[in-house]
Amino acid sequence: MDISRVDLNLLVYLDVLLRERNVTKAANHLGITQPAMSNGLRRLRDLFSDPLLVRTSEGMTATERARELQPLVRGILSDIEQAVQEKTPFSALESQRVFRIMASDYAESCLMPRVLRRIRQEAPHVTLDVLTPSDVSFLDVEQGRLDMAINRFDKIPQSFHQKTLWTEYFACLMNARNPILKEPFTLDTYLDASHIWVSKTGFGVGVGVNPKDVQRLGWVDEALTRMGRKRQISVFTRHYQVAMLLAEQHDLIATLPSRAAWLQRDNNNLVVKVPPFDVPPFELKMAWSPLLQHNADHQWLRKLIMEVAEEVDREFAEFGARFESPDTPQFHHSER
């Protein structure tokens, strides 16, 4: 194929069409008419010899070929945007930028206060807008409306850039006068107690929990199910800060990420125990759109967040060593 005869605007059309999965919405996004977008889709189908989008009961669905093309096209357009974008250095002291970051409640508690402190020191006029997972979607990240998503992700779009901030294990937090502490802390005494469940937060609006639906209860309950055991959950909450407060009640246990328990290290009313069974660790990651990969402001923010995460890692290391399983493969900081 003679690339000089390919209209590169068609790649812009394809990028938006595959994100919106709707011809009218794609046309509105690009500020063109619906017939013009329909004509663009026809030309794209001719170019790639594939229907790309087909109508199904769930609306317009991308073909296998289109799904293969999506990250490639996004990367091409990102490189073009980088090439034509005027290079302006980021001045932290002078910047008045608003950074919008989605952070899970856990990440907001363990990471964001330190991030904010560093931003206030280095960029006093920058504003930080912290959103919850239910406020945003992957589309918001992909289109650059959100600067960063910080969470534990089950799945993430292939086109996103991501970096691991740290690996997290689990701890048990409970009142120092909890009756079960009169006995050895074993799996049986753990299961005899009442428990606080904390949501594994993802994107989208949350719904109520069905206590019998173990598959949706998350890491701790899945680990128990593999052993053929089940705990008695008395309270369901979506907030780690609330779980830590509820753990002060004399008969409740909160099993939560060990860095969240670390935040309560100076609380004499609470004690921290290693779970009496193996719970697989998870990775806390930050993810961002390829549209922002080469943006100087964003590069400064990513570097700052990584430095803060490394600072937390160093301070947490002695406290956290007891929770790490020697049989579990170690994760390292990674980026793609």
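Which residue takes a positive phi just after α9? I found Gly-228 there, with a phi of about 75°. Worth noting before I go on: this is a predicted model.

While I was at that end, I checked helix α9 itself, which covers residues 219–226. Trp-219, Val-220, Asp-221, Ala-223 and Leu-224 are buried in it.

Next entry: α1 and α3. I looked up helix α1 (residues 9–20) and helix α3 (residues 34–48), and their axes come within 10 Å. They cross at roughly 105°, so α1 is roughly perpendicular to α3. Then I listed who touches whom. From α1 I got Leu-10, Leu-11, Tyr-13, Leu-14 and Leu-17. From α3 I got Ala-36, Met-37, Gly-40, Leu-41, Arg-43, Leu-44, Leu-47 and Phe-48. Sorted by class, this contact of α1 with α3 has eleven nonpolar residues, one polar and one charged.

Next entry: α1 and α2. Helix α2 runs over residues 23–30, and its axis and that of α1 come within 9 Å. The crossing angle is roughly 130°, which means α1 is oblique to α2. I also noted that α1 passes α2 in a right-handed crossing. On the α1 side, the contact uses Val-12, Tyr-13, Val-16, Leu-17, Arg-19 and Glu-20. On the α2 side, I wrote down Val-23, Lys-25, Ala-26, His-29 and Leu-30. My class tally for α1 with α2 is seven nonpolar, one polar and three charged residues.

Definitions and conventions
Residues numbered from 1 in each chain as written. Predicted model: local features only at pLDDT ≥ 70, side-chain atom pairs only at ≥ 80, totals over all residues. Heavy atoms only, no water. Axes fitted to C-alpha atoms, helices over the stretch in contact; angles between N-to-C directions. Helix = DSSP H or I, 4+ residues; strand = E, 2+ residues; numbered from the N terminus. Parallel < 35°, antiparallel > 145°, perpendicular 65-115°, else oblique. Contact = heavy atoms within 4.5 Å. Nonpolar A, V, L, I, M, F, W, Y, C, P; charged D, E, K, R; others polar. Buried < 20%, exposed > 50% of the residue type's maximum accessible area, 1.4 Å probe, protein only. Left-handed = near helix turned anticlockwise from the far one by under 90°.
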